[in-house]
Amino acid sequence: MSEILYIKIDQNIEVDHIDVRLGDVAKLECTNASIKNRLKTMKLLKIQAEKSNRYIFSVLKVVELIHEIYPELEIQNLGEADFIIDYESSAYARNRWGMVKVVLLCVTIFIGSAFSIMTFNNDVGVTQVFSQIYELMMGQPSDGFTVLEATYSIGIAVGIIVFYNHFGGKRITKDPTPMEVQMRQYENDVNTTMIDGCNRKETNIDVD
């Protein structure tokens with residue numbers, strides 16, 4: 001009875017070293033520990049880029065490389081048929097310019113969100129509605145700074161915190177935030193588009 005190797009590879013794997021081995025991108029399981037340990041150190045790819053680059057890899061190429069070492073080994077793929085090796089050097093990843101871009105993006109999003117809230121309030125006439133309600137209930141004109149404005153402002157802040165499921169660096173619940181869900185969907189769409197594009201151009205790393 002031949003040995004069976006179970007292999008699982010995610011759609012996108014990030015690495016920060018030029019010599020990429022099978023253990024860096026795949027999870028392996030085999031009853032024969034020596035086979036598993038040997039294949040973990042099997043060289044899969046040598047990165048030629050200096051800073052960053054992406055490589056589209058076919059799992060069939062992985063199977064071909066494994067069979068060069070263990071021709072009789074049966075392989076069961078439990079992961080992706082095609083995957084992306086995303087290389088980014090450690091020096092490039094620590095680039096301070098990247099942090100500056102993140103800060104600028106956060107500031108832009110904050111200002112844009114604040115502007116959207118203010119224009120929304122003006123479009124629907126929130127100030128006028130609050131003034132009329134206050135005068136109707138209290139019998140005197142509103143000065144613009146009443147309990148209605150205060151609770152409304154607090155409500156907006158609480159709503160944003162609950163919606164995004166974050167306060168500072170702490171998560172309120174274990175559920176993923178809407179931003180994380182959208183980013184995951186975007187990442188999956190990008191990965192699928194890149195893989196499909198390389199398959200059409202036949203520029204991915206595949207068997208001959």
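Predicted model: local features only at pLDDT ≥ 70, side-chain atom pairs only at ≥ 80, totals over all residues.
Residues are numbered from 1 along each chain as its sequence is written, and side-chain values use heavy atoms, with hydrogens and water left out.

Let me start with the strands, which, like the helices, are DSSP runs numbered from the N terminus (at least two residues of E for a strand, at least four of H or I for a helix). Strand S1, residues 4–9, and strand S4, residues 26–30, run antiparallel and are joined by five bridges, where a pairing calls for at least two DSSP bridges between the strands. One of these links has Leu5 with Cys30 of S4 as its bridge partner. Cys30 also belongs to the covered face of S4, together with Ala26 and Leu28, whereas Lys27 and Glu29 make up the uncovered face. In a regular strand the side chains alternate between the two faces of the sheet.

Now to the aromatic rings, of which there are two pairs, counted when the centres of Phe, Tyr or Trp rings (for Trp, the six-membered ring) lie within 6.5 Å, with planes under 30 degrees apart called stacked, over 60 edge-to-face and the rest tilted. Phe57 and Phe83 have ring centres 5.5 Å apart and planes at 25°, so this pair is stacked. Because Phe57 sits in strand S6 (residues 52–58) and Phe83 in strand S8 (residues 82–88), the pair ties together parts 26 residues apart in sequence. Both Phe57 and Phe83 are buried, meaning under 20% relative accessible area, with exposed over 50% and partly exposed in between (1.4 Å probe, protein chains only).

The other pair, Phe130 and Tyr152, is edge-to-face, at 5.3 Å centre to centre and 80° between the planes. Phe130 lies in helix H6 (residues 126–138) and Tyr152 in helix H7, so parts 22 residues apart in sequence are tied together. Phe130 is buried at 13% relative accessible area, while Tyr152 is partly exposed at 27%.

Which residue takes a positive phi just after H7? That residue is Asn165, with a phi of about 60°.

Finally, what is the relative accessible area of Ile160? Ile160, found in helix H7, is partly exposed, with a value of 39%.
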